[in-house]
Amino acid sequence: MHFDGLPKNAVIREVCPRDGFQGICDFIPTEKKVEFIGQMLSTGIKEMEITSFVSPKAIPQLSDAAQVLPAVKKEYPDVEFTALVPNVKGAENALAAGADVVNVVFSVSESHNMANIRRTVEQSLSGMDDIIALVRGKAKICVSMATSFMCPFEGRIDPRRVAELIGKVRAKGVDCITLAETIGTCTPKDFTETLQVVKPALEGIPTYLHIHNTYGFADMNVKCALDEGFNRFDSAVGGLGGCPFAPGAAGNAATEDLVYLMQSMGVDTGLDPLRVVTVARALKAYGLRTMGSLCASSFGKPKPEMPVQNQ
Ligand SMILES: CC(C)(COP(=O)([O-])OP(=O)([O-])OC[C@H]1O[C@@H](n2cnc3c(N)ncnc32)[C@H](O)[C@@H]1OP(=O)([O-])[O-])[C@@H](O)C(=O)NCCC(=O)NCCSC(=O)C[C@@](C)(O)CC(=O)[O-]
(Lines give C-alpha, C1' and ligand atoms only; values in the text may rest on other atoms or scores of the structure.)
Protein backbone atom coordinates (compact mmCIF):
# COMPACT_ATOMS: atom_id res chain seq x y z
CA MET A 1 0.00 0.00 0.00
CA HIS A 2 1.27 3.47 -0.87
CA PHE A 3 0.64 6.32 1.58
CA ASP A 4 -1.16 9.16 -0.19
CA GLY A 5 0.96 12.21 -0.81
CA LEU A 6 4.34 10.55 -0.26
CA PRO A 7 6.97 10.28 -3.02
CA LYS A 8 6.79 6.93 -4.83
CA ASN A 9 10.58 6.41 -4.71
CA ALA A 10 13.41 7.39 -2.42
CA VAL A 11 17.17 7.40 -2.90
CA ILE A 12 19.27 6.09 -0.06
CA ARG A 13 22.93 7.08 -0.02
CA GLU A 14 24.80 4.68 2.24
CA VAL A 15 27.24 6.61 4.46
CA CYS A 16 28.41 3.91 6.86
CA PRO A 17 31.88 3.56 5.32
CA ARG A 18 32.50 7.29 5.91
CA ASP A 19 30.31 8.54 8.77
CA GLY A 20 30.01 5.15 10.47
CA PHE A 21 33.63 4.08 10.29
CA GLN A 22 35.09 7.51 11.16
CA GLY A 23 34.05 7.01 14.80
CA ILE A 24 35.34 3.47 15.29
CA CYS A 25 38.20 3.28 17.82
CA ASP A 26 40.30 0.44 16.44
CA PHE A 27 41.60 0.78 12.90
CA ILE A 28 39.60 -1.48 10.61
CA PRO A 29 42.16 -3.03 8.24
CA THR A 30 41.75 -1.80 4.66
CA GLU A 31 40.86 -5.29 3.33
CA LYS A 32 38.18 -5.65 6.00
CA LYS A 33 36.72 -2.24 5.11
CA VAL A 34 36.62 -3.24 1.45
CA GLU A 35 34.90 -6.51 2.40
CA PHE A 36 32.25 -4.71 4.52
CA ILE A 37 31.67 -2.19 1.75
CA GLY A 38 31.17 -5.06 -0.73
CA GLN A 39 28.54 -6.51 1.60
CA MET A 40 26.80 -3.13 1.83
CA LEU A 41 26.79 -2.84 -1.96
CA SER A 42 25.19 -6.28 -2.24
CA THR A 43 21.99 -4.72 -0.82
CA GLY A 44 21.38 -2.90 -4.10
CA ILE A 45 22.82 0.47 -2.98
CA LYS A 46 23.54 2.72 -5.97
CA GLU A 47 25.01 5.71 -4.10
CA MET A 48 27.57 5.53 -1.33
CA GLU A 49 29.67 8.02 0.63
CA ILE A 50 32.64 5.75 0.82
CA THR A 51 35.26 7.75 2.71
CA SER A 52 36.63 11.19 3.42
CA PHE A 53 39.87 12.85 2.40
CA VAL A 54 40.68 14.75 5.56
CA SER A 55 43.66 15.12 7.85
CA PRO A 56 44.71 11.65 9.08
CA LYS A 57 45.45 13.30 12.41
CA ALA A 58 41.81 14.41 12.67
CA ILE A 59 40.31 11.09 11.50
CA PRO A 60 42.91 8.28 11.66
CA GLN A 61 40.33 5.61 10.82
CA LEU A 62 39.94 6.91 7.26
CA SER A 63 43.63 7.43 6.57
CA ASP A 64 43.44 4.64 3.95
CA ALA A 65 40.91 6.56 1.82
CA ALA A 66 43.23 6.56 -1.20
CA GLN A 67 43.39 2.74 -1.10
CA VAL A 68 39.74 1.99 -0.26
CA LEU A 69 38.05 4.04 -2.98
CA PRO A 70 39.91 2.65 -6.03
CA ALA A 71 39.78 -0.92 -4.67
CA VAL A 72 35.98 -0.80 -4.42
CA LYS A 73 35.34 1.31 -7.50
CA LYS A 74 36.91 -1.13 -9.92
CA GLU A 75 34.51 -3.85 -8.71
CA TYR A 76 31.37 -1.65 -8.79
CA PRO A 77 31.50 0.66 -11.82
CA ASP A 78 27.72 1.31 -11.71
CA VAL A 79 27.70 2.78 -8.19
CA GLU A 80 28.15 6.51 -7.60
CA PHE A 81 30.89 7.00 -5.02
CA THR A 82 31.00 10.18 -2.97
CA ALA A 83 34.00 11.38 -0.98
CA LEU A 84 33.73 14.00 1.75
CA VAL A 85 36.35 16.77 1.71
CA PRO A 86 37.01 19.88 3.80
CA ASN A 87 39.49 21.69 1.54
CA VAL A 88 41.35 21.75 -1.80
CA LYS A 89 43.89 19.16 -0.68
CA GLY A 90 41.05 16.76 0.11
CA ALA A 91 39.43 17.46 -3.27
CA GLU A 92 42.70 16.81 -5.13
CA ASN A 93 43.12 13.49 -3.34
CA ALA A 94 39.48 12.52 -3.88
CA LEU A 95 39.75 13.16 -7.62
CA ALA A 96 43.03 11.24 -7.84
CA ALA A 97 41.35 8.26 -6.17
CA GLY A 98 38.42 8.38 -8.61
CA ALA A 99 35.55 9.96 -6.64
CA ASP A 100 32.39 10.45 -8.70
CA VAL A 101 31.10 13.10 -6.29
CA VAL A 102 33.20 15.47 -4.21
CA ASN A 103 31.17 16.44 -1.15
CA VAL A 104 32.43 19.65 0.46
CA VAL A 105 31.51 19.95 4.13
CA PHE A 106 31.00 23.07 6.19
CA SER A 107 28.72 23.93 9.10
CA VAL A 108 25.97 26.51 9.26
CA SER A 109 27.02 27.37 12.82
CA GLU A 110 30.34 29.16 13.31
CA SER A 111 31.25 27.22 16.45
CA HIS A 112 30.85 23.79 14.89
CA ASN A 113 32.61 24.83 11.68
CA MET A 114 35.56 25.96 13.78
CA ALA A 115 35.53 22.77 15.90
CA ASN A 116 35.24 20.50 12.85
CA ILE A 117 37.36 22.08 10.14
CA ARG A 118 38.98 25.03 11.90
CA ARG A 119 37.55 27.69 9.66
CA THR A 120 34.99 30.45 9.87
CA VAL A 121 31.91 29.96 7.71
CA GLU A 122 33.13 32.81 5.48
CA GLN A 123 36.49 31.06 5.00
CA SER A 124 34.69 27.84 4.11
CA LEU A 125 32.50 29.61 1.57
CA SER A 126 35.41 31.35 -0.12
CA GLY A 127 37.52 28.17 -0.02
CA MET A 128 34.70 26.41 -1.83
CA ASP A 129 35.39 28.47 -4.95
CA ASP A 130 38.85 26.92 -5.33
CA ILE A 131 37.44 23.43 -4.77
CA ILE A 132 34.70 23.97 -7.34
CA ALA A 133 37.19 25.34 -9.90
CA LEU A 134 39.31 22.21 -9.42
CA VAL A 135 36.48 19.68 -9.51
CA ARG A 136 34.25 21.18 -12.22
CA GLY A 137 34.02 18.84 -15.22
CA LYS A 138 35.79 16.00 -13.42
CA ALA A 139 33.21 14.98 -10.81
CA LYS A 140 29.90 16.17 -9.39
CA ILE A 141 30.11 18.78 -6.64
CA CYS A 142 27.91 18.38 -3.61
CA VAL A 143 27.91 20.54 -0.47
CA SER A 144 27.04 19.16 2.96
CA MET A 145 25.74 21.77 5.37
CA ALA A 146 26.28 20.40 8.88
CA THR A 147 24.28 21.83 11.84
CA SER A 148 21.42 22.87 9.55
CA PHE A 149 18.96 22.10 12.34
CA MET A 150 20.80 21.87 15.67
CA CYS A 151 24.33 22.69 16.78
CA PRO A 152 26.03 21.02 19.76
CA PHE A 153 27.30 24.44 20.90
CA GLU A 154 24.61 26.91 19.74
CA GLY A 155 21.40 24.90 20.01
CA ARG A 156 18.60 25.36 17.48
CA ILE A 157 19.70 27.00 14.24
CA ASP A 158 17.55 29.73 12.71
CA PRO A 159 16.13 28.27 9.48
CA ARG A 160 16.44 31.69 7.81
CA ARG A 161 20.22 31.48 8.21
CA VAL A 162 20.14 28.02 6.60
CA ALA A 163 18.10 29.36 3.68
CA GLU A 164 20.51 32.30 3.24
CA LEU A 165 23.53 29.97 3.16
CA ILE A 166 21.80 27.61 0.72
CA GLY A 167 21.42 30.65 -1.57
CA LYS A 168 25.13 31.48 -1.28
CA VAL A 169 26.16 27.88 -1.98
CA ARG A 170 23.79 27.55 -4.95
CA ALA A 171 25.13 30.77 -6.45
CA LYS A 172 28.45 28.94 -6.84
CA GLY A 173 26.82 26.38 -9.16
CA VAL A 174 26.90 23.10 -7.23
CA ASP A 175 25.14 19.88 -8.27
CA CYS A 176 23.54 18.85 -4.99
CA ILE A 177 23.13 19.88 -1.37
CA THR A 178 22.88 17.93 1.87
CA LEU A 179 21.27 19.35 4.98
CA ALA A 180 22.53 17.59 8.09
CA GLU A 181 20.87 17.16 11.47
CA THR A 182 24.29 16.72 13.01
CA ILE A 183 23.46 15.85 16.60
CA GLY A 184 20.19 13.96 16.26
CA THR A 185 18.21 15.96 18.80
CA CYS A 186 15.88 17.96 16.55
CA THR A 187 12.22 17.32 17.24
CA PRO A 188 9.92 16.53 14.31
CA LYS A 189 8.19 19.90 14.83
CA ASP A 190 11.42 21.92 14.52
CA PHE A 191 12.70 19.65 11.75
CA THR A 192 9.55 20.25 9.70
CA GLU A 193 9.70 23.98 10.39
CA THR A 194 13.23 24.19 8.98
CA LEU A 195 12.29 22.16 5.90
CA GLN A 196 9.29 24.40 5.23
CA VAL A 197 11.39 27.57 5.54
CA VAL A 198 14.27 26.34 3.35
CA LYS A 199 12.20 24.51 0.70
CA PRO A 200 11.90 27.48 -1.68
CA ALA A 201 15.69 27.97 -1.58
CA LEU A 202 16.15 24.31 -2.60
CA GLU A 203 13.76 24.36 -5.55
CA GLY A 204 15.28 22.42 -8.46
CA ILE A 205 18.43 21.08 -6.79
CA PRO A 206 18.78 17.44 -5.61
CA THR A 207 18.76 17.64 -1.81
CA TYR A 208 19.78 14.92 0.62
CA LEU A 209 18.84 14.84 4.29
CA HIS A 210 21.42 13.44 6.67
CA ILE A 211 19.76 12.71 10.00
CA HIS A 212 21.35 11.51 13.22
CA ASN A 213 19.37 9.50 15.71
CA THR A 214 20.55 10.48 19.20
CA TYR A 215 17.08 10.86 20.69
CA GLY A 216 15.46 8.29 18.40
CA PHE A 217 13.75 10.93 16.22
CA ALA A 218 15.50 10.01 12.97
CA ASP A 219 12.74 7.85 11.48
CA MET A 220 10.05 10.34 12.49
CA ASN A 221 12.06 13.09 10.86
CA VAL A 222 12.42 10.98 7.72
CA LYS A 223 8.62 10.65 7.61
CA CYS A 224 8.30 14.43 8.10
CA ALA A 225 10.73 14.96 5.21
CA LEU A 226 8.77 12.59 2.96
CA ASP A 227 5.60 14.51 3.88
CA GLU A 228 7.35 17.68 2.68
CA GLY A 229 8.28 15.98 -0.61
CA PHE A 230 11.98 15.26 0.10
CA ASN A 231 13.10 11.82 -1.08
CA ARG A 232 16.90 11.59 -0.79
CA PHE A 233 18.42 10.39 2.46
CA ASP A 234 21.78 9.49 3.90
CA SER A 235 21.77 6.53 6.26
CA ALA A 236 24.23 4.06 7.72
CA VAL A 237 23.91 0.31 8.02
CA GLY A 238 23.76 -0.60 11.71
CA GLY A 239 22.95 3.04 12.54
CA LEU A 240 26.65 3.77 13.00
CA GLY A 241 28.03 7.28 12.80
CA GLY A 242 28.51 10.67 14.35
CA CYS A 243 30.88 13.57 13.86
CA PRO A 244 33.76 13.23 16.36
CA PHE A 245 33.79 17.05 16.64
CA ALA A 246 30.11 17.31 17.58
CA PRO A 247 29.90 16.35 21.26
CA GLY A 248 26.95 14.06 21.92
CA ALA A 249 26.27 13.16 18.30
CA ALA A 250 25.21 9.53 18.08
CA GLY A 251 24.56 7.30 15.10
CA ASN A 252 22.86 7.97 11.80
CA ALA A 253 19.42 6.89 10.75
CA ALA A 254 19.92 3.14 10.25
CA THR A 255 19.61 1.98 6.64
CA GLU A 256 17.74 -1.16 7.73
CA ASP A 257 15.15 0.96 9.58
CA LEU A 258 14.70 3.37 6.68
CA VAL A 259 14.26 0.63 4.10
CA TYR A 260 11.72 -1.19 6.28
CA LEU A 261 9.85 2.01 7.11
CA MET A 262 9.66 3.09 3.50
CA GLN A 263 8.65 -0.33 2.28
CA SER A 264 5.77 -0.28 4.80
CA MET A 265 4.55 3.00 3.28
CA GLY A 266 4.95 1.93 -0.34
CA VAL A 267 8.01 4.12 -1.00
CA ASP A 268 10.43 2.16 -3.18
CA THR A 269 14.14 2.34 -2.26
CA GLY A 270 15.32 -0.42 -4.57
CA LEU A 271 17.08 -2.10 -1.62
CA ASP A 272 16.60 -5.58 -0.29
CA PRO A 273 15.56 -5.11 3.39
CA LEU A 274 16.59 -8.60 4.52
CA ARG A 275 20.00 -8.23 2.93
CA VAL A 276 20.48 -4.89 4.73
CA VAL A 277 19.67 -6.51 8.08
CA THR A 278 22.15 -9.30 7.38
CA VAL A 279 24.90 -6.76 6.72
CA ALA A 280 24.00 -4.83 9.90
CA ARG A 281 24.28 -8.07 11.89
CA ALA A 282 27.66 -8.87 10.33
CA LEU A 283 28.94 -5.44 11.37
CA LYS A 284 27.65 -5.91 14.89
CA ALA A 285 29.19 -9.38 15.12
CA TYR A 286 32.58 -7.92 14.18
CA GLY A 287 32.46 -6.05 17.52
CA LEU A 288 33.20 -2.49 16.45
CA ARG A 289 34.01 -0.25 19.40
CA THR A 290 32.70 3.28 18.90
CA MET A 291 34.33 6.38 20.37
CA GLY A 292 32.55 7.95 23.34
CA SER A 293 28.85 8.33 22.67
CA LEU A 294 29.20 7.90 18.93
CA CYS A 295 27.31 4.66 18.92
CA ALA A 296 23.99 4.22 17.20
CA SER A 297 20.94 4.05 19.39
CA SER A 298 20.26 0.71 17.74
CA PHE A 299 23.42 -0.55 19.42
CA GLY A 300 21.73 0.15 22.75
CA LYS A 301 24.02 2.77 24.32
CA PRO A 302 22.78 5.54 26.67
CA LYS A 303 21.80 8.90 25.24
CA PRO A 304 23.77 12.10 25.97
CA GLU A 305 22.46 15.07 27.98
CA MET A 306 19.97 17.47 26.38
CA PRO A 307 21.81 20.26 24.53
CA VAL A 308 21.28 23.92 25.40
CA GLN A 309 18.29 25.29 23.47
CA ASN A 310 18.43 28.84 22.09
CA GLN A 311 15.07 30.59 22.04
C1 LIG B 1 40.16 20.62 7.80
C2 LIG B 1 41.44 20.27 8.52
C3 LIG B 1 42.39 19.64 7.54
C4 LIG B 1 42.01 21.55 9.05
O5 LIG B 1 43.04 21.28 9.95
P6 LIG B 1 44.23 22.33 10.16
O7 LIG B 1 45.14 21.75 11.17
O8 LIG B 1 43.68 23.69 10.40
O9 LIG B 1 44.82 22.30 8.68
P10 LIG B 1 46.15 22.66 8.07
O11 LIG B 1 45.87 23.16 6.70
O12 LIG B 1 46.97 23.52 9.00
O13 LIG B 1 46.88 21.23 7.96
C14 LIG B 1 47.22 20.46 9.08
C15 LIG B 1 47.77 19.14 8.59
O16 LIG B 1 46.73 18.40 7.96
C17 LIG B 1 47.10 18.11 6.60
N18 LIG B 1 45.90 18.21 5.79
C19 LIG B 1 45.13 19.29 5.59
N20 LIG B 1 44.11 18.97 4.82
C21 LIG B 1 44.22 17.66 4.52
C22 LIG B 1 43.45 16.76 3.75
N23 LIG B 1 42.33 17.15 3.15
N24 LIG B 1 43.85 15.49 3.66
C25 LIG B 1 44.98 15.07 4.28
N26 LIG B 1 45.75 15.88 5.03
C27 LIG B 1 45.37 17.16 5.14
C28 LIG B 1 48.11 19.15 6.24
O29 LIG B 1 48.91 18.73 5.16
C30 LIG B 1 48.87 19.29 7.53
O31 LIG B 1 49.72 18.17 7.66
P32 LIG B 1 51.12 18.25 8.47
O33 LIG B 1 51.90 19.31 7.75
O34 LIG B 1 50.75 18.66 9.88
O35 LIG B 1 51.66 16.85 8.38
C36 LIG B 1 41.21 19.28 9.67
O37 LIG B 1 40.56 19.95 10.71
C38 LIG B 1 40.39 18.11 9.22
O39 LIG B 1 40.82 17.29 8.45
N40 LIG B 1 39.20 18.00 9.73
C41 LIG B 1 38.33 16.89 9.35
C42 LIG B 1 37.16 16.92 10.18
C43 LIG B 1 36.31 15.73 9.86
O44 LIG B 1 36.60 14.87 9.07
N45 LIG B 1 35.18 15.70 10.57
C46 LIG B 1 34.22 14.63 10.42
C47 LIG B 1 33.50 14.68 9.13
S48 LIG B 1 32.25 15.95 9.07
C49 LIG B 1 30.87 15.16 9.75
O50 LIG B 1 30.96 14.07 10.26
C51 LIG B 1 29.54 15.85 9.63
C52 LIG B 1 28.68 15.28 8.52
C53 LIG B 1 29.29 15.51 7.15
O54 LIG B 1 28.51 13.87 8.67
C55 LIG B 1 27.30 15.91 8.51
C56 LIG B 1 26.68 15.98 9.88
O57 LIG B 1 26.25 14.96 10.42
O58 LIG B 1 26.64 17.10 10.36
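Author: A pocket is an open set of points on a 1 Å grid over the protein atoms alone, where a 1.4 Å probe fits, with protein on both sides within 12 Å along at least five of seven lines; lining residues have an atom within 4 Å of a point. This is a predicted model, with local features needing pLDDT of at least 70, side-chain atom pairs pLDDT 80 or more, and linings using all residues. Numbering starts from 1 along each chain, and side-chain values use heavy atoms, without hydrogens or water.

Reader: Which residues lie nearest the centre of the largest pocket?

Author: The largest pocket holds about 830 Å³ of space. Its lining has 43 residues, divided into 19 nonpolar, 16 polar and eight charged (Asp, Glu, Lys and Arg are charged; Ala, Val, Leu, Ile, Met, Phe, Trp, Tyr, Cys and Pro nonpolar; the others polar). Nearest the centre are Val-54, Ile-59, Pro-86, Asn-116 and Ile-117.

Reader: Which element supplies the largest share of that lining?

Author: Elements giving at least two lining residues each include strands S2 (47–52), S4 (101–107), S5 (140–146) and S8 (176–181). Helices H1 (16–20), H3 (65–73), H4 (88–97) and H5 (110–117) also each give at least two (DSSP runs: helices at least four residues, strands at least two). The largest share, four residues, comes from H5.

Reader: How many charged residues line the second largest pocket?

Author: The second largest pocket has a volume of about 170 Å³. Its lining includes Lys-199, Glu-203, Glu-228 and Arg-232, along with Leu-202, Ile-205 and Phe-230. Gly-204, Thr-207, Gly-229 and Asn-231 also belong to this lining. By class, three are nonpolar and four polar, and the charged residues number four.

Note on methods
Points joined across faces, edges and corners; volume = space filled by probe spheres on them.
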